Amino acid sequence: MSKDASDSSARSDAKGEGDATDEGSRERHPLAMETLVSLCAARGFIYPSSEIYGGIAGFWDYGPLGVELKNNLKAAWWRRMVRERDDVVGIDSAIISHPRTWEASGHVEGFSDPMVDCRTCKRRFRADQIEGERCPEAPKKRAISDCDLTESREFNLMLRTELGASVDESTTAYLRPETCQAIFSGFKRVRESARQKVPFGIAQIGKAFRNEITPRNFTFRSREFEQAEMEFFCHPSEAEHWFEHWREFRLQFHKDLGFDERLLRTRPHAADELAHYARAAEDIEFLFPFGWQEIEGIHDRGDWDLSRHTEYSGKELAVTDEQTKERFTPMVIETSVGIDRTALALLVAAYRQETMENGEERTVMGFHPSLAPIKATVLPLSKKLAERARAIHRDLRKHFNVFYDEAGNIGRRYRRQDEVGTPYCVTYDFDSEEDECVTVRERDSMNQERIPIAGLKRYLTERLEEAS
Ligand code: ATP
C-alpha cells in the first residue's frame, strides 16, 4: 500500500479542510463537519471502511440507515430520469470495460492530476491544492509550499487491475473512473433494442473509482463512489436547446429533494476549465461546511465520444434522420451527479438542533419524507402492549421501511427517531386497546393525531406519496 493510502487515516479525511477549488470563496455552511461525521458514525449512516484496521483513505461504508438514504436518493433519480420519461432508457453495465475504451475516451492519456512529493515526510499532495495549506507533518505546521517538494508531475487517476492468470500489459484493465463510457459503446445496441430515435437518452447508476491523490472532506472526495449519469443524444442543431433543458431539469430535481435554494447555485465553467471533451459545462454546487462545491456537472460533450469510439472500434455509430435522410453523429449532453456527494449534502442540509418548549434540546435530521431512511416507527407505550404493536409493525413493514422500538421512555424514543429523521412515530397506548386508534406524531411540528389503526396504512401512504 502506498504511503498516501495508508498513513492518512480515513478519520483525517473527515476534518473538512477546504478543497483548493473553493479558494476565493469564504462562504461556508455553519455546521461543523466533526458534528456530522460523529452523528453519521454513531447512528449508522456512514463510517470509515475497514475501521478496525484504522480505515483506508478515500473509502467509506454506509450503515443500515445510510444505505436506505442512498437507495431512496437513487430511486428518486431513476424515477425522475428514466421511469417518468419516454425519451430516456436505463442500463446497468459492467464496471470493467475493454481497455481500448479508455484509450478512445482519452483517459489513458489525459485523466491525471498534477502531483508533488515532499522529500522530508514522503507525503504526496495535489500540486494545484497546496496553496494556503499547511503540512500536516511539519512540527510548526509550515506551509506545504515551503516544504522540500519534488517537481510537479502528472499522476493518472485510473485504478488499474489485472485480468486472468498471467500478468503483462495485455491483461491490464481499469476500474471505470466514470460510468458513461459503456453508454457510448452500447449506444447502437440500446438504441436499436429499445427502438429509440435521436433525440433520446441512456441513463445508469453505478460505482466509479478514482485514485484521488488527496481524498478528503468525508465522502466528498472518495476513491470509490457512485455516479448517476445520463447521456442525451441529439442532432447538432439542437444541442444548445437540450443543454438548457437538462440544466433546468436537474436544478429542479435538487430543489425537489428539499434543499433550501440558498444552499444551491449553478456555476458555468470558464473556457480554460473545460475537460478535454467538453464544449460547455455548468456545475450545480452546494454550500458545504467546506465551501461551495460541485455535486453535479451538466456537460455538452459534442460528438467527441461517439466519434472517438467509431475511430477506435471501427464500428459506425452515426445515425440517419428518417425524414431528411441526413447522416450525422449525434451530439451528447451529459448530466452527471455524485450520489455520495448529494447524500452528504442531504445530511448537511438535514441537520438541526432545536430547543423545545420544555427547554430540552433535540437534534433533528429533517430529511424530506421520501428520502428519510425510516418512514415510521411503532412504539408501544409499555412492554405489556408489545404484542399488538408488533402486529401493526408487521403489517406496515410490507409497505414501507418501518422500525419498531420498545426500549426506554417515550420521550427518549421520540428523540432517537428525530435524530435519524423518521417523519412519523406511531404510539400504541392503553387506550388503543379500547378505541382501536394510535397516536401519530409528526417529526417537525411534533403535532399528534389520533388515527384508527384500520386507516393507518392509508394515512401514511397519503402523506409519504404527497411528499415525493
Ligand atoms: P471534481 O472537480 O470535484 O474532482 P469532477 O469535475 O472531476 O469533480 P466529474 O468528472 O464531472 O467530476 O464527475 C461527475 C460527478 O461525480 C461530480 O459532480 C461528483 O458529484 C462525482 N464525483 C467525482 N469525483 C468524485 C470523488 N472523488 N468522490 C465522490 N464523488 C465524485
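Visitor: What should I know before starting?
Guide: The model is predicted: local features need pLDDT of at least 70, side-chain atom pairs count only at pLDDT 80 or more, and totals for chains, interfaces and linings use all residues. Residues are numbered from 1 along each chain as its sequence is written, and side-chain values use heavy atoms, with hydrogens and water left out.

Visitor: How is a helix pair described?
Guide: By the angle between the axes of the two packed helices and the distance between those axes. Helices here are DSSP runs of H or I with at least four residues, strands are runs of E with at least two, and both are numbered from the N terminus. Axes are lines fitted to C-alpha atoms, for helices over the stretch in contact, and angles run from 0 to 180 degrees between N-to-C directions.

Visitor: At what angle do the axes of α4 and α11 cross?
Guide: At roughly 115°, and they come within 10 Å. Helix α11 covers residues 339-350. The pair is therefore roughly perpendicular. The cut-offs are under 35 degrees for roughly parallel, over 145 for roughly antiparallel, 65 to 115 for roughly perpendicular, and oblique for the rest.

Visitor: Which residues of α4 and α11 make the contact?
Guide: Contact means heavy atoms within 4.5 Å. From α4 come Leu69, Lys70, Leu73 and Lys74. From α11 come Ile339, Asp340, Thr342, Ala343, Leu346 and Leu347. By class, that contact has six nonpolar, one polar and three charged residues. Ala, Val, Leu, Ile, Met, Phe, Trp, Tyr, Cys and Pro count as nonpolar; Asp, Glu, Lys and Arg as charged; the others, Gly among them, as polar.

Visitor: How do α3 and α11 cross?
Guide: At roughly 105°, with axes that come within 11 Å. Helix α3 spans residues 33-43. That angle makes α3 roughly perpendicular to α11. Met33, Leu36 and Cys40 of α3 meet Leu344, Leu347 and Val348 of α11. This contact has six nonpolar, no polar and no charged residues.

Visitor: Is Leu65 buried or exposed?
Guide: Buried means under 20% relative accessible area, exposed over 50%, and partly exposed in between, using a 1.4 Å probe and protein chains only. Leu65 has 11%, so Leu65 is buried. Leu65 sits in helix α4, residues 64-83. Beyond neighbours within four places in sequence, Leu65 is in contact with Arg43, Gly44, Phe45, Pro373, Ile374 and Val420.

Visitor: Which side chains make polar contacts with that of Glu334?
Guide: A polar contact is a pair of N or O atoms within 3.5 Å; within protein, one must be able to donate a hydrogen and the other to accept it, and residues adjacent in sequence count only if both atoms are side-chain atoms. Glu334 pairs with His299 at 2.5 Å and with Arg301 at 2.9 Å. Glu334 lies in strand β16, residues 331-338. At 1% relative accessible area, Glu334 is buried.
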